[in-house]
Amino acid sequence: MMDLTEMGQRAKKAATILASSSTQVKNSALILMADALMENSVRVMEANQKDVEESQARGMSEILLDRLVLNEKRVADMAEGIKSLIGLPDPVGEIIWGSRLPNGLILTKVRVPLGVVGIIYEARPNVTVDASVLCLKSGNAVILRGSSNTLSSNVALVGVLRDCLKEAGLPEDSIQLVSSPEREYAVQLMRLREYVDVLIPRGGKDLIENVVANSTVPVIETGIGNCHIYVDENADVEMALQILLNAKTQRPSVCNAAESLLVHGSIADVFLPRAIQALTEKKVTVYGCSRTLSYGQEVLPASEDDYYREYLDLKIAVKVLDSLQEAIDHINKYGSHHSDAIVTNDYCSAQKFTQEVDSAAVYVNASTRFTDGFQYGLGAEIGISTQRLHARGPMGLKELTTSKFVVYGQGQVRK
């Protein structure tokens with residue numbers, strides 16, 4: 001039986017050492033990790049194949065299997081992600097601002113690590129590496145709790161990373177894995193408030209809601225992705241088709257893929273027949289409102305729930321609307337505050353959309369698939385936060401820090 005209290009105690013000790021470790025030492029560990037991943041790629045892929053076969057036997061869909069599979073390219077991509085992190089500035093110790101008070105005290109606000117970060121996540125073995133290296137560079141210890149679908153992959157990956165920590169002279173317990181899939185350990189991690197400073201859930205709606213509802217540890221909510229493409233009345237049709245197909249079909253199993261299409265009524269006759277045909281050719285099932293149904297026999301009736309749904313599949317919900325304001329209201333009601341896009345040639349419409357859509361990332365004439373730490377130049381991300389505190393959008397290095405005040409004096413006392 002694992003003792004999560006002991007894991008928390010070890011993580012706390014490791015976090016204290018990491019907080020004062022130099023950038024050079026942390027980067028040395030990251031270099032070792034990138035090289036070790038490539039050197040142990042066969043071992044990692046063999047472990048992953050076991051997870052894939054077991055998941056297939058349990059009936060996991062092909063779309064979800066795509067998130068689970070590790071191949072040579074994906075292992076190489078993880079290694080490259082680590083290398084890109086090495087070149088990014090270390091946020092720890094950054095002076096956010098400073099001033100001299102009238103009494104002579106020098107006041108500085110300094111960036112510091114969060115401490116011990118807990119991650120509860122589903123079938124994405126790349127999260128194991130991304131979370132580990134981001135926490136390391138930002139001076140945090142991490143306790144990982146993945147799903148049963150990725151257990152063998154996670155054990156192999158964490159083993160490789162911990163060996164590198166030891167070689168670099170850093171505590172192995174900077175990265176720990178809850179190696180049992182039993183639910184009780186997830187619950188214990190949610191209650192480990194004495195040792196875990198923040199908990200980050202990554203996965204579907206049920207997982208996130210469960211963690212938010214049951215955790216006594218502060219939670220940073222990485223929300224689901226019910227992302228929208230809104231085609232405005234002044235849209236370029238060819239551009240809109242290109243953006244729609246990319247956002248929906250390039251990789252439908254990820255949180256920044258489009259799940260809903262909204263179309264202004266005045267452009268529907270021109271755009272929707274082509275869009276429905278193009279989506280159908282890509283094997284996308286289209287669910288539409290009563291007005292959408294008239295544009296294609298392939299369209300199935302959409303229910304109210306379809307407009308709330310994160311499909312993570314080759315499915316999309318479509319609605320025809322009569323104004324930009326209707327589209328904004330629809331997104332703010334049904335969306336998940338993740339990523340939403342407008343396609344338009346009208347500057348005023350674009351400005352209104354970006355100001356009034358309440359999402360972590362809002363796009364004008366671009367695919368929602370860009371909501372990603374690498375694409376934003378932040379390196380790997382630990383998740384996409386859809387809440388307002390303490391971070392929003394892709395969470396990179398700076399989002400894994402907090403701050404403290406450091407005050408320098410010359411004997412001042414308060415009178």
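Guide: Happy to! Let's begin with Pro273, whose place is in helix 11. Please keep in mind that this is a predicted model. Pro273 is partly exposed, its relative accessible area being 33%. Once neighbours within four places in sequence are set aside, Pro273 is in contact with Ala268 and Tyr295. For a sense of scale, pick out Asn214: it is 59 residues from Pro273 in sequence, and the two C-alpha atoms are 46 Å apart in space.

Now look at the helix around this proline. Shortly before Pro273, helix 11 has a kink of about 50 degrees, placed at Phe271.

Next, the buried residues. Phe271 is buried, and so are Ile267, Ala268, Leu272, Ala275, Ile276, Ala278 and Leu279 in helix 11. An α-helix has 3.6 residues a turn, so residues three or four places apart point the same way. The buried residues of helix 11 pack against several elements, among them strand 7 (227–231), helix 10 (237–249) and strand 8 (258–264). Their other partners include strand 9 (285–288), helix 12 (290–293) and strand 11 (315–321). After the helix comes Lys283, with a positive phi near 65 degrees.

From there, let's move to a lysine elsewhere. Lys137 sits in helix 6, which runs over residues 125–137. Lys137 is buried yet has no salt bridge, and the nearest side chain of opposite charge, Asp90, is 6.0 Å away. A polar atom of the Lys137 side chain does lie 3.1 Å from the backbone oxygen of Ile86. Beyond its neighbours within four places in sequence, Lys137 has contacts that include Lys26, Ile86, Asp90 and Leu397.

Two of those names belong together. Asp90 forms a salt bridge with Lys26, with the closest N and O atoms 2.8 Å apart. Asp90 lies in the loop between helix 5 (72–86) and strand 1 (95–100), while Lys26 lies in helix 2 (residues 23–39), so this pair ties together parts that are 64 residues apart in sequence. Asp90 is buried, at a relative accessible area of 16%, and Lys26 is buried too, at 1%.

Our last stop is Ser385, in strand 14 (residues 384–385). Ser385 counts as buried because its relative accessibility is 0%. A polar atom of its side chain lies 2.5 Å from the backbone oxygen of Ala391, and the backbone nitrogen of Gln387 lies 3.5 Å from a polar atom of the Ser385 side chain. Leaving out neighbours within four places in sequence, the contacts of Ser385 include Thr222, Ala360 and Arg392.

Asp358 is in the loop between helix 14 (347–356) and strand 13 (361–364), and Arg392 is in the loop between strand 14 and strand 15 (393–394), so the pair ties together parts that are 34 residues apart in sequence. Both are partly exposed: Asp358 at 24% relative accessibility and Arg392 with a relative accessible area of 30%. Elsewhere, salt bridges that share partners join Glu6, Arg10, Arg162 and Asp173 into one network.

Technical notes: Residues are numbered from 1 along each chain as its sequence is written. This is a predicted model: local features need pLDDT of at least 70, side-chain atom pairs count only at pLDDT 80 or more; totals for chains, interfaces and linings use all residues. Side-chain values use heavy atoms; hydrogens and water are left out. Helices (H or I, at least four residues) and strands (E, at least two) are DSSP runs, numbered from the N terminus. Buried means under 20% relative accessible area, exposed over 50%, partly exposed in between (1.4 Å probe, protein chains only). Lys and Arg count as positive and Asp and Glu as negative; His and the chain ends are not counted. A salt bridge is a side-chain nitrogen of Lys or Arg within 4 Å of a carboxyl oxygen of Asp or Glu. A polar contact is a pair of N or O atoms within 3.5 Å; within protein, one must be able to donate a hydrogen and the other to accept it, and residues adjacent in sequence count only if both atoms are side-chain atoms. Contact means heavy atoms within 4.5 Å. The bend at a residue is the angle between axes fitted to the seven residues ending there and the seven starting there.
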